[in-house]
Amino acid sequence: MKKEIAEERMQNMKNAYLKLDSVLNRLPDAIPEKMKSVLRDKILGDKQLKELMEGIDEHRPPRFFLIGRTGVGKSSLINALCGSYLAKVSDIESCTSNVDIYHCMDGDRVLLDILDTRGIAECNKINDSYDAEKQLIDQVVDFCPDVAIFVLNATTRDDSILQDIELLKKVLKKYQAINKIELPVVAVVNKVDEIPPARIKNPKEYTENKINSISENVKRYKTTIVSNGLKIHSIVPVSSLMDWQTPDGIEVNADNINNFPKSDIENLQIQFDGRFQIEVLLNDLEDAIQDFSGKMGLRMALRLEELMKKLAGHLVGIFSSISSGVAVTPIPIADIYILISLQAIMVMLIAALSGRELSFDAAKEFIASLGGVVGAGMLFKLIAQQTSKLANGLFPGAGSAISATIAFGGTYSIGKAATSYYIEEVDLKFVKKKFEENHKHAEKKSKKALESV
Ligand SMILES: Nc1nc2c(ncn2[C@@H]2O[C@H](COP(=O)(O)OP(=O)(O)O)[C@@H](O)[C@H]2O)c(=O)[nH]1
Ligand SMILES: [Mg+2]
């Protein structure tokens, strides 16, 4: 999915959230004013939901401090993380011979801010070592990174890693003193594709042997790092291997890249994707970033689809909790209105996330179309036949079935179904099937309860 589209959809959802008041005001008259205000308080008063919505606007590019020897694959790693060629990187500052600061761009948007350094071993060759080190540490701390990415080579090890560990420890100390928080270090063992059998480049074809060797390699690196007293957030083996081609299908590599016009380089396509565990690394980076707007920035920059699913997941979780809070045992008929309204509003928000604007009634229809199972489906039936028998006779007994748990489960399953249908674009037939499966258990339980009435 295009980034602009995903962002637009998130904005849609936020707009839908901001317009909730008017949605609630337009709810059918059958729902009394008092209930509408309960709904309003429950949804708009939910702190987690509010934070999530605010996060959509409140984001900034995350700042990565990359350290590792020339040739270890730092630039390639950024390409691999972004999934696009580094031509989109604009070199803005070349501070000293030791440090580059640049912004990874997508059109006019800054995705990431990078401070790139070859580490102290290569610095020392150029400058007087004490000054070079001090300068390097100052530059890193000034840059105020969210994460330090320590890039290592899976196949060649040299002693410079020990120097870099010492440098990192000093950076961490100064960073901590100034910012009063720890700088998380994520170690990356790159080029694992080159671990034998090195001819196997497709991660799907990595043999057990290769995978085992990769683990061994990582273990060794971890031991070196930890025994030298550097605290790391995690260590991840990856391959950043990607081959590129022009839109006309001409292979591009480091040797011939300068022969191509800028427009070609900006539009390079992936010819071969040998990336291994880049998703795992992204997860770790996301986890390591402490600052909320930086975390959101990473999600907005590189993880839009995950973010959308996460947002939908959060919505479902929040609405399920609200539902179970609404459903007291036994459920009075009035609360069922609230429950269904909640579920419909949740479906509206999820649909908004997929770029669709759903009316309240259409959302209810979607829920009804899922079928006559427990949860909303059954509750709908109950409402449809709102007889006095139902209100007076059925509910006291059924109360144990349609309890908070069932309300939670019903809302949860509806939320999952809406996510599958609207966001993952799964066929309604399959969505229904899955929904029914989810409910077999709950259905049994409630049937029993209903029969005993
Ligand atoms: N096989 C393999 N080659 C890689 C990988 N990452 C980078 N390279 C190659 O290693 C060389 C140096 O990479 P580069 O990103 O320029 O390293 P940097 O100097 O740390 O920025 C280039 O030829 C890359 O194509 C990888 O994961 N696997
Ligand atoms: Mg580089």
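Good morning. Lys 191 is partly exposed, with a relative accessible area of 23%. By relative accessible area, buried means under 20%, exposed over 50%, and partly exposed in between, with a 1.4 Å probe and protein chains only. The model before you is predicted: local features need pLDDT of at least 70 and side-chain atom pairs pLDDT 80 or more, while totals for chains, interfaces and linings use all residues. Residues are numbered from 1 along each chain as its sequence is written, chains are lettered from A and ligands numbered from 1 in the order in which they are written, and side-chain values use heavy atoms, leaving out hydrogens and water.

Lys 191 has a phi near 65°, a positive value in a residue other than glycine. This residue sits in the loop between S6 and H9; helices (H or I, at least four residues) and strands (E, at least two) are DSSP runs numbered from the N terminus. Pro 197 belongs to the loop between strand S6 (185-190) and helix H9 (208-227), and a cis peptide bond, with omega about -5°, joins Pro 196 and Pro 197.

Lys 180 also has a positive phi, near 60°. Its loop runs between helix H8 (160-179) and S6, and Lys 180 is exposed, at 63% relative accessible area.

I turn to the ligand. Which residues are closest to ligand 1? They are Gly 71, Lys 74, Ser 76, Asp 193 and Ser 240, out of 15 that surround ligand 1, each having a heavy atom within 4 Å of it. Helix H5 (residues 74-82) supplies the largest share of this shell, three residues. A polar side-chain atom of Asp 193 lies 2.6 Å from a nitrogen atom of ligand 1, and one of Ser 239 lies 3.5 Å from an oxygen atom of the ligand. The protein covers 70% of the 570 Å² of accessible area that ligand 1 has on its own, by the Shrake-Rupley method with a 1.4 Å probe.

Finally, the interior. A nonpolar core is a set of buried Ala, Val, Leu, Ile, Met, Phe, Trp, Tyr and Cys residues joined through side-chain atoms within 4.5 Å. The largest has 53 residues, and Met 10, Met 13, Phe 319 and Val 347 have the most contacts inside it, a contact being heavy atoms within 4.5 Å. Helix H14 (residues 333-353) gives the most to this core, with twelve residues. Apart from it lies another core, of 38 residues, including Ile 161 and Val 192. Thank you.

Technical notes
A polar contact is a pair of N or O atoms within 3.5 Å; within protein, one must be able to donate a hydrogen and the other to accept it, and residues adjacent in sequence count only if both atoms are side-chain atoms.
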